Amino acid sequence: MKFIIQRDRLVHSVQEVMKAVTSRTTIPILTGIKINATTEGITLTGSDSDISIQSFIPAEEDGNEIVEVQTSGDIVLNARFFSEIVKKLPMDTVEIEVQTNFQTIIRSGKAEFNLNGLDPEEYPHLPIIEEANLFKLPTDLLKTLIRQTVFAVSTSETRPILTGVNLKVENDELTCIATDSHRLAMRTANIESKINGTYSVVIPGKSLNELSKILDDTNELIEIVITENQVLFKAKNLLFFSRLLEGNYPDTSRLIPTDSKTDVIVKTKELLQAIDRASLLAKENRNNVVKLLTHDGGVIEVSSNTPEVGKVVEEIVAEAIEGEELKISFSAKFVMDALKALEGTDIKISFTGAMRPFVICPLHDDRMLQLILPVRTY
């Protein structure tokens, strides 16, 4: 195998596939990046067996030559060393040549590295996915869906299914749900292509975080292909595979209250900043609890009291308060996470009592919802 490639394109692709490579693996070959050279271009693959990322660099693009492949072939190179080397090479082009016994020479300008490669035959094959169940979304919308839900997944392995985000596809609608059993984030969106039947899969939150980091903010469509145990995201020159979590996701629809006793409409930023300030003193206790009271005249009081540190009280004027007076305590972190995820300047919070979950939504958008369980304090 021998080819010459533009260094910046190589660095970009190496950084993409590195997101899937881990040093903590029981399979030594997975600490490497697989490089495949054909007349069409170069394909780089990184995997940790949970997620696999494949990045393709075409031989030419828009009439410009990016890669000149002199001999095709494959090699696996240690990901950590290879990524550090290509980042620091002196010239704009890199020549990579594989000799006998997987010895690999990397040349750029006057610099020449010799790296011991590994046998590409030992590298696991990527899953072959039949593209029967495929739908499309704009890339920036997918990133938004991930951002607005993934923070609510569970970090505890006691219920592994809750460490993922539930994707449900029905008719032309995609619903993403994440919950750690103390809070829930839900967002729906319309999808571009018709899909037969309904699907419900659970994608690990970790996979979605990595995917979100690699994707560009474009409105180009990304294809999503679902199989029994894998999901594939196909963007331009990029394939991202993730395993799915096994098991049934809990039915969350019955958790969401349909009625409310107190409704509050308030500016998102004002409430977020007030809770942020109140939590400065609440951080001392491990549960970070902040209290919220409603008063006549449309005033909300946000307070926190930590006897050994001190207390803080702040009043904000709501746009509207309807229903019974309310006194409720909640985790400042959970509400702040929820408020940061919502879009729009105004939000509506619907309370069904001091001990029942409450719902936060953007004022004029019913496609997004955050549900939070209060904390018992009195």
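Is the crossing of H3 and H4 left-handed or right-handed?

1. **Overall.** This is a predicted model. The protein chain has six helices and 28 strands. Its C-alpha atoms fill a box of roughly 80 × 50 × 40 Å along the principal axes. Of its 378 residues, 52% count as buried. Among contacts with a separation of 6 or more, 66% come from residues 24 or more positions apart.

2. **The five-stranded sheet.** Strands S7, S1, S9, S10 and S11 form an open sheet in the order S7-S1-S9-S10-S11. The pairing is antiparallel. S7 (67–71) and S11 (111–116) are the edge strands; each has a single partner, so one side of each has no neighbour in the sheet. On average, neighbouring strands are turned by 15° against each other, direction ignored. Within this sheet, S1 (residues 2–6) pairs with S9 (residues 93–98) over five bridges, in the antiparallel sense. Lys2 stands opposite Glu97 in S9.

3. **Helices on that sheet.** H1 (residues 7–18) packs on the sheet and touches S1 and S9. Its direction makes about 95° with that of S1. H2 (residues 79–88) lies across S9, S10 (103–108) and S11. The direction of H2 is at about 170° to S11.

4. **The H3–H4 pair.** The crossing of H3 and H4 is left-handed. The axes of H3 (residues 139–149) and H4 (residues 205–214) come within 10 Å. They cross at roughly 140°, and the two helices are therefore oblique to each other. H3 contributes Leu142, Lys143 and Ile146 to the contact, while H4 contributes Leu208, Leu211 and Ser212. By class, the contact residues are four nonpolar, one polar and one charged.

5. **The four-stranded sheet.** A second open sheet to note has four strands in the order S23-S22-S21-S25, with antiparallel pairing. S23 and S25 (327–331) stand at its edges, each with a single partner strand, so one side of each is left without a neighbour in the sheet. Here neighbouring strands are turned by 25° against each other on average, direction ignored.

6. **Strand S22 and its partners.** S22 (residues 299–306) is mostly covered, with seven of its eight residues buried. S21 (residues 289–295) pairs with S22 over five bridges. S22 pairs with S23 (residues 310–317) over eight bridges. Both pairings run in the antiparallel sense. Ser303 has a bridge partner in each neighbouring strand: Lys291 pairs with Ser303 in S22, and Ser303 pairs with Val313 in S23. Val299 has Val317 of S23 as its bridge partner.

7. **The hairpins.** Three residues lie between S21 and S22 in their hairpin. There, Gly297 takes a positive phi near 80°. The hairpin from S22 to S23 also passes through three residues.

8. Which strands does H5 touch? H5 (residues 268–282) packs on the sheet with contacts to S21, S22, S23 and S25. The direction of H5 makes about 175° with that of S23. H6 (residues 332–341) lies across S21 and S25. H6 runs at about 80° to S25.

Terms used:
Residues numbered from 1 in each chain as written. Predicted model: local features only at pLDDT ≥ 70, side-chain atom pairs only at ≥ 80, totals over all residues. Heavy atoms only, no water. Pairing = 2+ DSSP bridges. Axes fitted to C-alpha atoms, helices over the stretch in contact; angles between N-to-C directions. Contact = heavy atoms within 4.5 Å. Parallel < 35°, antiparallel > 145°, perpendicular 65-115°, else oblique. Left-handed = near helix turned anticlockwise from the far one by under 90°. Nonpolar A, V, L, I, M, F, W, Y, C, P; charged D, E, K, R; others polar. Buried < 20%, exposed > 50% of the residue type's maximum accessible area, 1.4 Å probe, protein only.
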